[in-house]
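I opened this notebook to record what I looked up in the structure shown below. The entries follow the order in which I went through the questions.

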Amino acid sequence: AGFAAYSPDGEYLISRSGDNGILLWDLERGKQIRQFGGKTQVTSAAFRSDGRYLVSGHAFGQLRLWEVKTGKEVRVFNGPINEIKSVAFSPDGKHIVSGGGPHIWETETGQLIKTLIGHGTTVNSIAVSPDGQYIASGSYDGTLILWDAKTGNLISMFNNNKGQ
C-alpha cells in the first residue's frame, strides 16, 4: 500500500518510494529532491503543521521523526508499537498519534504518553481534529472511535460491521 501527503505550504509532496522509504517531491519543479529511510518498510507518513518535520510509521513497528530540510533522522520512538498503518500530528505539533495501537506520543521527547484501549484489532487509520481536541481511529474490526485527545478517554464508538 502507498501513501501521499502535501506539506502545509503546498510546495512539497511525500510518497512511498519503490524500496519502501519516503520520497520528497518539489511540486513546482516536478522532481524528487530527497529520500528518507529507504528499505525501512514505511507504511505511512505525515508533515507537522509548520512543515519542519515529518513522522513516519513502519511495518515492523517503528515510529521515526525526520527533519524535512536536511533529511536527518531526529528520533526513533520506543515503546509497545505494533505495525503502524497511519500517523498524524496534533495541530500544534506537540504530539503524534499512531495507528496500530493507537498511541499518543510527545514529539519533543519521544515519550509514549498514552495507549488508547477500545479497538478489537489493529488500527489502520488515525486523524486529529483541526482544533486538536479529538482523535478518531478506525480499525479492521469495523469500528471507528472518537477519543478525547487530552485525556485519552473514549467518547463514542461507531460500528460498521452491520453494513449500515
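**Entry 1**

I began with Ser137, which lies in strand S14; strands here are DSSP runs of E of at least two residues, and helices are runs of H or I of at least four, both numbered from the N terminus. Before going further I noted that this is a predicted model, in which local features need pLDDT of at least 70 and side-chain atom pairs count only at pLDDT 80 or more, while totals for chains, interfaces and linings use all residues. I also noted that residues are numbered from 1 along each chain as its sequence is written, and that side-chain values use heavy atoms, with hydrogens and water left out.

Is Ser137 buried or exposed? I found Ser137 buried, with a relative accessible area of 0%, where buried means under 20%, exposed over 50% and partly exposed in between, for a 1.4 Å probe and protein chains only. I then looked up its polar contacts (pairs of N or O atoms within 3.5 Å; within protein, one must be able to donate a hydrogen and the other to accept it, and residues adjacent in sequence count only if both atoms are side-chain atoms). Not counting residues up to four places away in sequence, Ser137 touches residues including Pro102, Val123, Thr143 and Ile145, contact being heavy atoms within 4.5 Å.

**Entry 2: Ser129**

Ser129 counts as buried, because its relative accessibility is 15%. Its side chain reaches the backbone nitrogen of Gln133 at 3.3 Å, and, leaving aside neighbours within four places in sequence, Ser129 is in contact with Pro91 and Tyr134.

**Entry 3: the sheet S1 to S4**

Which strands stand at the edges of this sheet? I first recorded that 4 strands form an open sheet in the order S1-S2-S3-S4, with antiparallel pairing, two strands being paired if DSSP finds at least two bridges between them. Strand S1 (4–6) and strand S4 (31–36) stand at the edges with a single partner strand each, so one side of each is left without a neighbour in the sheet. The twist averages 25 degrees from one strand to the next, with axes taken as lines fitted to C-alpha atoms, for helices over the stretch in contact, and angles running from 0 to 180 degrees between N-to-C directions. Within the sheet, strand S2 (residues 12–16) and strand S3 (residues 22–26) pair in the antiparallel sense over 5 bridges, and the bridge partner of Tyr12 in S3 is Asp26.

I also checked Ile14, which has its place in strand S2 and is buried at a relative accessible area of 0%. The C-alpha atoms of Ile14 and Leu24 are separated by 4.6 Å, although the two are 10 residues apart along the chain.

**Entry 4: aromatic pairs**

How many aromatic pairs does a search of the whole structure find? The search finds 2 aromatic pairs, for rings of Phe, Tyr and Trp (its six-membered ring) with centres within 6.5 Å, where planes under 30 degrees apart count as stacked, over 60 as edge-to-face and the rest as tilted. The rings of Phe36 and Trp66 have their centres 5.7 Å apart and their planes at 65 degrees, so this pair is edge-to-face. Phe36 in strand S4 and Trp66 in strand S7 (residues 63–67) are 30 residues apart, and the pair links distant parts of the chain; both residues are buried.

Phe77 and Trp105 form an edge-to-face pair, at 5.7 Å centre to centre and 75 degrees between the planes. Phe77 lies in strand S8 (residues 73–77) and Trp105 in strand S11 (residues 103–106), so the pair ties together parts 28 residues apart in sequence. Phe77 counts as buried at 2% relative accessibility, and Trp105 is buried at 0%.

**Entry 5: S7 and S8**

I followed S7 to S8 and found 4 bridges joining these antiparallel strands, with Val76 in S8 as the bridge partner of Arg64. S7 and S8 form a hairpin with 5 residues between them, and Gly71 in the turn has a positive phi of about 80 degrees.
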